[in-house]
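Please keep the sequence and the structure in view while reading.

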Amino acid sequence: MNEIEGRRPLKTRDWRIFQRFAAWLAQTAVTPNMISASSIGFAVVAGLALAGTSVAQSSGILAGLYFLAAVCMQLRLIANLLDGMVAVEGGKRSPVGALYNEVPDRVSDAVILIGAGYSLASRPELGLMAAVVAVFVAYVRAIGSSVGAGGVFAGPMAKPQRMALMTLGSVLCCLVSLSSAGLSGRWQSHIMGTVLGLIIVGGAITAFRRLRIISETLHIALRSDSASGSQTSAVKDPEEE
């Protein structure tokens, strides 16, 4: 499997604004690995902002932290998009590009989801569970690649969906933080708890779906190899006679 075949299918890769930005970055000294590493920085800021909501003393600061987290989550995704575009379309591939593509993603997911668990009136165990599930989902995809089934990016709770939910949850928490009951955390608790719960359940479903797809792909490959072997034997037999 080559680098292009193993890429996550993204419609945003066709957006002209990102194509132009990636083309510009490819002409600079910025490398895809630098862009990949920057995604961790955005994720750390998002995670700290979420955790910081638990000690915010005013509704304005509380709303600002949730909004900052939402923005940084999207910047993290943009960095994830641009690193591949600069590497492939920009012709700046690196021998260790695959490592920089995978490791920052795992760290970023964990930092954001654990941070959400420690946000205002939230539950740390939900954040930890969501982080474990997110890493396992990515691990299943890696298994598919390692056994020859290719990169399986099936959802319903892959990285883009996880971050979309987290961003939506953060924006909603930002809005309710500006209300009279914002500092109580009552609504934020329900919103973030629901988001993390959906990520956990959706992630489990995603892992199961990916494992099933990998299994089916391997069975099809085995039957195809067996059929090819039988045809080869049938062709050789008359010659041997």
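The secondary structure of this predicted model consists of seven helices and zero strands. Read from the N terminus, the order of elements is α-α-α-α-α-α-α. The C-alpha trace spans about 90 × 40 × 25 Å along its principal axes, and 41% of the 241 residues count as buried.

**Packing of two helices**

- Two packed helices are described by the angle between their axes and the distance between the axes.
- Helix 2 covers residues 32–52 and helix 3 covers residues 59–88; the two pack at an angle of about 165°, and their axes lie 8 Å apart.
- Angles over 145 degrees count as roughly antiparallel, and helix 2 and helix 3 are therefore roughly antiparallel to each other.
- The crossing in which helix 2 passes helix 3 is left-handed.

**Salt bridges**

- The structure contains eight salt bridges.
- One of them joins D105 and R76, whose closest N and O atoms are 3.3 Å apart.
- Buried means under 20% relative accessible area. D105 counts as buried because its relative accessibility is 5%, and R76 is buried because its relative accessible area is 0%.
- Another salt bridge connects R106 with E102, with the closest N and O atoms 2.9 Å apart. Both residues lie in helix 4, four residues apart, which is about one turn of the helix.
- R106 counts as buried because its relative accessibility is 18%, whereas E102, with a relative accessible area of 26%, is partly exposed.
- The side chains of E125 and R123 also meet in a salt bridge, at 2.9 Å from N to O. Both residues are partly exposed: E125 has a relative accessible area of 37%, and R123 has one of 47%.
- Salt bridges that share partners join R76, E102, D105, R106, D109, R141, K159 and R162 into one network.

**A nonpolar surface patch**

- V96, L99, Y100, V103 and V107 make a nonpolar surface patch of about 410 Å².
- Where does V107 lie? V107 is placed in helix 4, which covers residues 97–117.

Conventions: Residues numbered from 1 in each chain as written. Predicted model: local features only at pLDDT ≥ 70, side-chain atom pairs only at ≥ 80, totals over all residues. Heavy atoms only, no water. Patch = residues over 30% accessible without salt bridge, like charges linked within 9 Å, V, L, I, M, F, W, Y side chains within 5 Å. Areas by Shrake-Rupley, 256 points an atom, 1.4 Å probe, with all protein chains shown as cover. Salt bridge = Lys/Arg side-chain N within 4 Å of Asp/Glu carboxyl O. Axes fitted to C-alpha atoms, helices over the stretch in contact; angles between N-to-C directions. Parallel < 35°, antiparallel > 145°, perpendicular 65-115°, else oblique. Left-handed = near helix turned anticlockwise from the far one by under 90°. Buried < 20%, exposed > 50% of the residue type's maximum accessible area, 1.4 Å probe, protein only.
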